[in-house]
Amino acid sequence: MFGINNILAQEINQEKLSKLTYDYSKDELTGKMPFDDYFKIIFKGIDPNNIYKAYLFEVKYEEDKLKVKTKNNLVQGPGVQLSTVAKRLQNLTINKNKEHKSSSQSIVSPLDPERTYVITVFKKNSDSNQLIFNNFFDMVSRPASVQDQINYFKDNIIPLRDNLDKFTIPISAFPSNFAGFIARITPILGFYNNPINQPNLNAIVIDPRITPAIISTIANSFKDKDLESKTFNEVMPMFLNGQNLKIQSFSFGMDNKVKIYNYDQRIINLKNNIKLLEKLKKEVETLQLIQNNGNINLFYTSFVINEINTLKSNLQSLVAFNVKLKNLVNAQLPEIILIHATTLGNDLKTSNSSALVPDVGIVNAVGYNSSGDIKYIARPYLGLNWHFSGINRTQYLREIPNLKFRHRWSVSVGITLGKIDTEDYEDFYNGISPTLGMNYRLTRQIRVGFGTLFVREKKPNPIVENTKVELAPYLSLSFDLGLFSEASKLTKLIGF
């Protein structure tokens, strides 16, 4: 496992998390990606054991070039026309999902609003894809014409590109040229062609002391004692017919010979053959209890026990080789699944205008008039707060894991409600006085702020009609409103 700490993941109430669901069979994403909160992504149809690794990247678009930020430098993706770079934001921990059969899930840490992200899943290759690779490795490792290799690559490997290299982020699994592909599989071929790494497989042979006559005698003993001998009768004729050297590439009683590079099927056949010999072992042991002689003991020891041990040793060696080969292939040539999601537009719980939040409150301003007197002005006001990026207005501040400047602070503009007409001051224009300042969120819906109220100072000389614009500093207390849903309440409040 990798990524988010398992203990932290357990502490999060997963039932209340927002969910994204990616359907592997349909290549379809449903759900909304929230911000400032943990959420769960479900990989429907992908068993957790089949995911090699998974990451989350932040995407940047610049001049029609798809880019991703990187911590240190820009890395050119192989086989990509545009510059493709990546900044890994999170390593995702993959766990089993209980809601969907053969599905996985991951809990993603809180993201920023107004961003585009790519969840990149490196999936292990299917058995059919692995077999295609194995055939190619085998072809390259043995004497074969270069043209045959190129033809096989074009006919069998290239068609996999749609699945293995759908997009260009964060890497290209298959560069477009043949030479590039060979370069990527060099570590695999180095492992494949090294005799030290090849599975140590022993041929299955019959002890020359076990003659057809002895086998015939044992068969008669089974018959005379009326004992179960189905497995004995199924297995032994194959060896008497000279098929003993082929036991590793087919199952007893079945004509399903396989290619040497089909390691999965060879492993299956070996397991089946071991099971069959275990049944034979029980049949011979039963016969030994009733009729014990040198021929039966020789057959039991030199053939049954010896061949079971040989097959088990071969199985262990072949499985180890197959696991290492698959790990190399999945590391160099994984199936890449790219899931694009955004915290933009309709994906936001607060819609695209989430950065603009209306409020209503009271401004308490202090004016310093021409006579040197300090005057107090208090008026209700209607304002609009601009956060530097979107916020989730339904989310309590205590629920935000990493509080940032944008969660608390906003630029506030507004207008006073009710005419200002005192002995010293009047409205800035036509019964309206604008405000400009900064607001700080105390709670989800309550703000305090400071700024400037624009008013006009009346001249003490009644003969002079011109007025002077005065900037009166203020402190404010306000409450958030839904700009449209609360409009009717607001008009009733101010008497319109």
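**Salt bridges in the predicted model**

Hi everyone, let me start in helix 8 (residues 263-290), where Lys281 and Glu285 sit four residues apart, about one turn of the helix. Helices here are DSSP runs of H or I with at least four residues, strands are runs of E with at least two, and both are numbered from the N terminus. Lys281 and Glu285 form a salt bridge, with 2.8 Å between the closest N and O atoms. By salt bridge I mean a side-chain nitrogen of Lys or Arg within 4 Å of a carboxyl oxygen of Asp or Glu. Lys281 is partly exposed at 22% relative accessibility, and Glu285 is partly exposed at 26%. Our classes are buried under 20% relative accessible area, exposed over 50%, and partly exposed in between, using a 1.4 Å probe and protein chains only.

A quick note on the source: this is a predicted model, where local features need pLDDT of at least 70, side-chain atom pairs count only at pLDDT 80 or more, and totals for chains, interfaces and linings use all residues. Residues are numbered from 1 along each chain as its sequence is written, and side-chain values use heavy atoms, leaving out hydrogens and water.

Now, the whole structure has nine salt bridges. One of them joins Lys123 and Glu335, with closest N and O atoms 3.7 Å apart. That pair links distant parts of the chain: Lys123 is in strand 9 (residues 116-123) and Glu335 in strand 10 (residues 335-342), 212 residues apart. Lys123 is buried at 9%, and Glu335 is buried at 4%.

Arg209 also bridges to Asp207, at 2.8 Å between the closest N and O atoms, and Asp207 is buried at 17%. Finally, Lys19, Lys40 and Glu99 are linked in a salt-bridge network. Thanks, all!
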